[in-house]
Structure formats: structure tokens, C-alpha cells
Amino acid sequence: MDENAGGHTALSPRPVEAVVFDIGRVIVEWDLRHLFDRLIADPAERDWFLATVVTEEWHFQHDAGRPLDDMVAERVADFPAYAEHIRSYRTRFLETIPGPVSGTTELIERLAKRAMPLYAITNFGAEFWRQFRPTLSVLNLFRDIVVSGDELLAKPDPRIFELAARRFGHAPDAMLFIDDNAANIAAAAALGWQVHHFTNAAGLAVDLEARALI
């Protein structure tokens with residue numbers, strides 16, 4: 001995949017008919033550390049906890065569809081001294097999402113004003129998604145959102161992109177997929193999607209302007 005300095009691939013000759021966003025770290029900030037900075041004062045202990053107990057890899061099991069009841073009970077049994085913190089992961093998850101990524105909402109609004117069909121594919125656990133979805137009004141501009149926890153499929157599994165293409169009703173090469181994760185970008189590109197590897201909204205704006213989308 002040939003990428004230029006702006007983080008996007010060479011432009012496809014096919015016009016973009018729809019734009020598909022990732023959500024975490026593209027539309028909103030997300031980091032487990034935002035919560036556990038408040039709960040564990042010692043930096044070394046906090047780093048150990050996030051590398052060993054409540055890790056992104058462990059969290060990903062919920063994104064892929066594993067029930068929180070099972071995950072939390074198992075982790076508490078493995079690390080009983082941290083039971084309260086592990087349960088806080090479940091009850092205070094929205095504190096891991098401190099706010100929007102600077103500039104992305106404005107780009108979504110500009111696309112919407114031009115009547116560009118907007119969609120999303122997000123790795124998001126079903127229980128956490130139900131908590132989070134009402135908090136972000138910009139998602140009301142999206143025609144459909146594929147949520148990994150509901151589908152029991154998570155990026156970069158090619159099947160979630162195939163499902164999304166069927167749901168969204170556009171050919172993969174007519175859609176621009178935007179994600180911060182290189183593996184997800186590679187998976188989509190291998191299936192023929194146009195892609196933008198997101199690093200910041202300024203870089204995305206340059207790409208969208210080059211494609212005459214905004």
C-alpha cells in the first residue's frame with residue numbers, strides 16, 4: 001500500500017460514494033489510562049496494572065462479543081487484590097472517553113452538508129456501546145453503524161468489512177474507510193476499499209479536499 005506523507009493512499013479513479021469512519025481515536029479520544037489515572041496514584045503500579053490486568057488486549061474480548069459478566073468475574077478471580085478497580089472498568093467505562101478528537105466532528109459536519117452518505121465500523125463492546133451511543137450527537141448524521149460487539153466480528157477480520165459493505169449498499173471501492181489502526185486499514189485495502197490511515201484531523205482534511213469531498 002503506497003502512502004504519502006499525509007497518511008492516505010494514492011487516489012482511486014473511482015469517485016467516493018460514501019465515507020466510513022472508525023470511532024475510537026478518530027471521532028473520540030479513547031484510552032484506559034484516562035480512568036485509571038484517577039484510581040491508581042503510583043505511576044509504576046498503574047503502568048503494571050494496564051499492562052497486566054485491565055489491558056487493551058483483554059478489553060478487546062468485549063469488542064469481539066464476549067460478555068462483560070464473564071470477563072470481569074474471571075479477571076477478579078485472577079487478581080482479587082484489584083477487584084474494585086476491575087469492576088470500575090465496567091461501571092466507569094465512559095471515563096476512558098474524555099471527549100472528541102480535535103477537528104473530526106467539523107469534518108463530519110462538512111461532509112454531511114454536502115449530502116455525503118456517512119457510516120461507521122467500530123470495535124465497541126455491545127454493553128459499552130449502549131452506554132456511549134447517546135452521548136455523541138454527531139453520530140446522528142450517520143446512516144448506519146456496524147458495531148463489532150453486536151455482530152461478534154471485530155476489525156481487522158475481513159468479514160466485518162464484507163458485512164458492512166452489504167449493509168451500507170455501496171461497492172468497497174466506492175467507499176472511503178478512515179481508521180487509526182494500520183491493521184484495519186490494511187484489511188480494508190485488501191478488500192478493495194479506498195482508505196485513509198488517520199493520524200489527525202488536519203491530515204484527513206487534506207485527503208478529503210484532494211478527493212473533492214469537502
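Me: Are helix 3 and helix 4 roughly parallel or roughly antiparallel to each other?
Reply: The model here is predicted. Helix 3 covers residues 56-63 and helix 4 covers residues 68-78; their axes cross at roughly 155 degrees and come within 9 Å. Angles over 145 degrees count as roughly antiparallel. Helix 3 and helix 4 are therefore roughly antiparallel.

Me: Is the crossing of helix 3 and helix 4 left-handed or right-handed?
Reply: The angle between the axes is roughly 155 degrees. The handedness is a separate property. For helix 3 passing helix 4, the crossing is right-handed.

Me: Which residues of helix 4 does helix 3 meet?
Reply: Helix 3 brings Trp 58, His 59, Gln 61 and His 62 to the contact. By class, the contact of helix 3 with helix 4 has 4 nonpolar, 3 polar and 1 charged residues. The residues met in helix 4 are Leu 68, Met 71, Val 72 and Arg 75.

Me: At what angle do helix 4 and helix 5 pack?
Reply: The axes of helix 4 and helix 5 are 9 Å apart. Helix 4 passes helix 5 in a right-handed crossing. The two are roughly antiparallel, because their angle is over 145 degrees. That angle is about 165 degrees.

Me: How many charged residues does the contact of helix 4 with helix 5 have?
Reply: Helix 4 supplies Leu 68, Asp 69, Met 71, Val 72, Arg 75 and Val 76. Helix 5 supplies Ala 83, Ile 86, Arg 87, Tyr 89 and Arg 90. By class, there are 7 nonpolar residues and no polar ones. The number of charged residues is 4.

Me: How do helix 6 and helix 11 run, roughly parallel or roughly antiparallel?
Reply: Helix 6 spans residues 104-113, and helix 11 spans residues 201-210. Their axes lie 9 Å apart, at an angle of about 20 degrees. Angles under 35 degrees count as roughly parallel. Helix 6 and helix 11 are therefore roughly parallel.

Me: How many nonpolar residues does the contact of helix 6 with helix 11 have?
Reply: The crossing of these two helices is left-handed. From helix 6 come Thr 104, Leu 107, Arg 110 and Leu 111; from helix 11 come Ala 201, Leu 204, Ala 205, Leu 208 and Glu 209. By class, 1 is polar and 2 are charged. The nonpolar count is 6.

Me: Is Thr 105 buried or exposed?
Reply: Thr 105 is found in helix 6. Beyond its neighbours within four places in sequence, Thr 105 is in contact with Pro 100 and Val 138. Its relative accessibility is 18%, and the cut-off is under 20%, so Thr 105 counts as buried.

Me: Which residue in strand 3 is the bridge partner of Ala 120?
Reply: Strand 2 and strand 3 pair in the parallel sense. Their pairing runs over 4 bridges. In strand 3, the partner of Ala 120 is Ile 145.

Me: Which residues of helix 9 are buried?
Reply: Helix 9 spans residues 158-168. Its buried residues are covered by elements including strand 1, strand 2, strand 3, strand 4, helix 8 and helix 10. Just after helix 9, Gly 169 takes a positive phi of about 80 degrees. The buried residues are Ile 160, Phe 161, Leu 163, Ala 164, Ala 165 and Phe 168.

Me: How far apart are the C-alpha atoms of Ile 97 and Arg 25?
Reply: Ile 97 lies in the loop between helix 5 and helix 6. At 13% relative accessibility, Ile 97 counts as buried. Not counting residues up to four places away in sequence, Ile 97 touches Val 28, Glu 29, Trp 30, Phe 124 and Phe 132. Arg 25 is 72 residues away along the chain, yet the C-alpha separation is 9.4 Å.

Technical notes: Residues are numbered from 1 along each chain as its sequence is written. This is a predicted model: local features need pLDDT of at least 70, side-chain atom pairs count only at pLDDT 80 or more; totals for chains, interfaces and linings use all residues. Side-chain values use heavy atoms; hydrogens and water are left out. Axes are lines fitted to C-alpha atoms, for helices over the stretch in contact, and angles run from 0 to 180 degrees between N-to-C directions. Angles under 35 degrees count as roughly parallel, over 145 as roughly antiparallel, 65 to 115 as roughly perpendicular and the rest as oblique. A crossing is left-handed if the near helix is turned anticlockwise from the far one by less than a right angle, and right-handed if clockwise. Contact means heavy atoms within 4.5 Å. Ala, Val, Leu, Ile, Met, Phe, Trp, Tyr, Cys and Pro count as nonpolar, Asp, Glu, Lys and Arg as charged, and the others, Gly among them, as polar. Buried means under 20% relative accessible area, exposed over 50%, partly exposed in between (1.4 Å probe, protein chains only). Two strands pair if DSSP finds at least two bridges between them.
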